[in-house]
Amino acid sequence: MESKHDNKSQNYELFIQEIESTDDYWGPTFRAIYDGDEEQKFMELLDGRIKQHDRDIEKMCNYHYQGFIDSIRELLQVRSQAQKLNTEIVELNTSLQQSSERVMEKTEELVKARKVEANIAATIQSLQSCLPVLTTYSKLQKQMKEKRYYPALKTLEQLEHQYLPRVANYRFSSQMKESIPKLRENIKEASMSDLKDFLENIRKVSARIGEVAMRHTSEQLIVDPGIIKKKKKKAPHPPNPFTGEVDKEEGLDVDDLSAQDLIDFSPVYRCLHIYSVLGSRGDFETYYRKQRKQQATLVLQPPTNMHESIDGYKMYMHSVLGFFVVEDHVLNTGNGLIDRTYLDELWSFAVGKIVNTLRTHSAYCTDATLMLKIKNLIMLFITTLRNYGYSVNQVFEVLHEIRDHYNEVLMQRWVGVFREILDEESFLPAEVETQEEYDAVVSAFPFHDDDLDNSPFPKTFPFSPLVPNVYQQVKEFIYACLKFSEDLGLSQGEVDDMIRKSTNLLLTRTFTGCLSSVFRKPSLGLTQVIQIIVDTRYLEEATVYLEEFVSNITGCRSELSLRAGKEAGGHLFGVARDDAEKQICEKLKRKLDEFVELEAYDWLLVEPQGHASSFITDLIAFLNSTFTSFTDLPGEVAQVACKSACEHIAKSLMGMVLNDEVKQISMGALQQLNLDTIQCEQFAASEPVGGLEEGSLLCYFTDLRQLLDLFMSWDWPTYFHDYGQENSKYQHVSPNTAIILLEKIREADKKTVFSVLKKSERDKKKLLETVLKQLRQLALTASQQQQ
Amino acid sequence: MAKTYDYLFKLLLIGDSGVGKTCILFRFSEDAFNSTFISTIGIDFKIRTIELDGKKIKLQIWDTAGQERFRTITTAYYRGAMGIMLVYDITNEKSFDNIKNWIRNIEENASADVEKMLLGNKCDFPEKRQVSKERGEQLAIEYGIKFMETSAKASINVDEAFFSLARDIKTKTEKKLEASNPPKGGHQLKSYEPSRKQTNWLSKCTIL
């Protein structure tokens, strides 16, 4: 029994273990317990066990209690600490939160900045690619502004081809691209407008250029008069042996430089360049030439009042010259802008105009001094043009024409000079009171007379001051003539010929003309005319010296000139002298007419006064005193004058007898006329002037004498008997004249009432009628014979 | 031929050289003036017809040379003269002084009844005057003749002088004609006897 019990207790232990060890599936264990019937014992054992466990738990709880309290205590401690920690952490968190907030901000900023940075970088990059375009463009603008069109054009090209493609996607670039052709056009226009400015300027300046060129020429002429010829002969510079280039610069003289100095030619070159670059060089050439041609036409149009003063001519020539100097310069430097042919053509067109202008305008000129100035100007003009290589022969010819005109003008001037001399001239022999005065006259006029030389002062020359004055003036005239011919390149022969011709004209035409206007003056007395005759004779004698004078000047052989001189001298002053001689007769006749007008014949005079009529006595006395006063009158002139006076008196007297208005003439009146005629005949016979042939004055009264004789002697038988015979006593009495006078006498006879009553008177009357009849018959046959 | 005038008076201009005789004549005959001095040689004359009281009078005026050398020629013309103009230059004392010589010339050569007149020429030139008008007047009174100051240049009194002289001659001539026409006789002598006396008497006065 004990082993059986112990076995049983062991089972129970197992069971409990089983239950303790498992949490569930307690069923089989319970069943096994319940199946073994010992449940009470098990219960006891279980209780025992629970009790044991409780004890264990109690023991254990007792054991762990202090620890437990400590732990709780500790736990409490931990809890507060944890709480503390927690707040700390929260605080930390907020502070962290706060501090990180700024960081966050900064970070954001940083991010932004980074972004901006990146953008900037990108911008810079793109800008850098655009920049050259813009700089080029601005360069272009600048160049345009500075009018450097050619570089501008280059820049434009660069811009177009190099830079713009790189930045094609910008709007401005496309705009630029669009504007390029416009710019090009602008450049073209701008350069053209520059050219236009140039053309305008050149028009203003070209006169100055011409003036400078002419001044240079004149300076050159002063420095070296031979330079023109040298220049002409100077060959063009030989080409440089190294480069083969013709050294142009050296060849250009100062004038070219001046032209360049005066005006900037660059617009032309630039424009030419630009147009060449733009491929329209041809257009440009045509344009330029056309413009210049138009300018030439303008330049060649002379100022309207050019002929008035030298300034007008100067202006004209300066402009023309300036024009051609410029063209020459352009020809030389213009790179073929104009060529020789063009210029030659232009020049030949111009030269015609110039010639015409100078011709017409100089023709208006009436001032010799001005003409000389013009001539010098033209000479300078010609020389300068020739220096520039223009052919000037035509202009030169005009100069010759102007010279002819100049001589005409000179003659006009000398008309004034002569007139002045003549106006102031008293036509009295020149009187000198001192040796100086004497020398002055002798030096002015080639005259020598020993008697005069030795005679005491005051001395009287045979001629009036007119002679030395005119002689001097002729010399002056010759000098003046010469002045124009100077450096005209004429041969001595030509000059000589010209002077001779002009002098001849001056004396035969101008001087004579002036004298004849003097003759027309009513105040000019006979004395003066006589002195003029004397003067012209002295002048004529001095012609030889004038000839010598001309020969000395021109250097022509004196033989030739003297011979020519004598030919010319024959009528140099001769015309004037002839005129003066004619005048003396005219003046005398006019005086005689005045006497004749005073005639107061009573044509019905019964008895003559017994002495000559007073007008005839006065007239004869006047003639006598005139011819005795005029001792200076050269013999043959006096003779001619005296003859013409007698002829005139005779004619006047005859005219009175035959005058239609005198209807009746009494025998008494006829006797009175006879008395007067006798007076005249006495005068004629008295040899009032020496050197006349005997009877040469009387012959003028023959007609009248025979007529008077016939009627006084009533010698009709002889008249009819001798009629037609050469030695007839009444040869000069024509039947017609006789008829006229006879009829007048018949009329006068009718008045005497008583005559009819007397037989003798009746017979006389009958006779008269018969004579008249016969005379009429004679006249009839005479006229028939004539027919 | 019908006579173109009623009277012909011959007048004579005398006086020193340069007093302006020719100019006076030129002014009277042509109404012109020429300032250049041209001395007359020998003798010259001009004719002008004037009208006085409806009568046409031809004046033949002889212009004589003042220069001594022509004296013989010129004195021959005194006799025929019916009126004589004695001319002096108011700017030339000597020409005035010489008037008495000219008067003597007249007395010696001219007919006794010649009408005379004294002219002081160049009165347009007062700044150079040497002979006062009063002296001229005085001298004229002494000789019992008329006096005028003239200027040929300014045309002062030239016509007046000639007209005055011509009128005096005309009056005298007409008186003579009246006297000689119906009762012919010795009246003629009487007409100019007194004038002769007068001049003589006056000239004596000057000598005294």
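Helices are DSSP runs of H or I with at least four residues, and strands are DSSP runs of E with at least two, both numbered from the N terminus. The model is predicted, so local features need pLDDT of at least 70 and side-chain atom pairs count only at pLDDT 80 or more, while totals for chains, interfaces and linings use all residues. Residues are numbered from 1 along each chain as its sequence is written, chains are lettered from A in the order in which they are written, and side-chain values use heavy atoms, with hydrogens and water left out.

**Exercise 1. Describe the make-up of chain B.**

Step 1: Count the elements; chain B has 7 helices and 6 strands.
Step 2: Read them in order from the N terminus, which gives β-α-β-β-α-β-α-α-β-α-β-α-α.
Step 3: Turn to burial (buried means under 20% relative accessible area, exposed over 50%, partly exposed in between, with a 1.4 Å probe and protein chains only). Of the 208 residues in chain B, 48% are buried.

**Exercise 2. Work out how α21(A) and α22(A) pack.**

Step 1: Locate the helices: α21 spans residues 574-597 of chain A and α22 spans residues 614-629.
Step 2: Take the angle, about 155°, and the distance between the axes, 9 Å. Axes are lines fitted to C-alpha atoms, for helices over the stretch in contact, and angles run from 0 to 180 degrees between N-to-C directions.
Step 3: Name the arrangement. The two helices are therefore roughly antiparallel to each other, a term for angles over 145 degrees.
Step 4: List who meets whom. Among the residues in contact are A:Leu588 and A:Phe595 from α21(A), and A:Phe615 and A:Leu619 from α22(A).

**Exercise 3. Is A:Glu327 buried or exposed, and what does A:Glu327 touch?**

Step 1: Find A:Glu327 in helix α11 of chain A, residues 310-333.
Step 2: Check accessibility: A:Glu327 is at 0%, so this residue counts as buried.
Step 3: Leave out residues up to four places away in sequence; A:Glu327 then touches A:Tyr288, A:Arg292, A:Ile338, A:Tyr342, A:Leu343 and A:Tyr390.

Methods
Parallel < 35°, antiparallel > 145°, perpendicular 65-115°, else oblique. Contact = heavy atoms within 4.5 Å.
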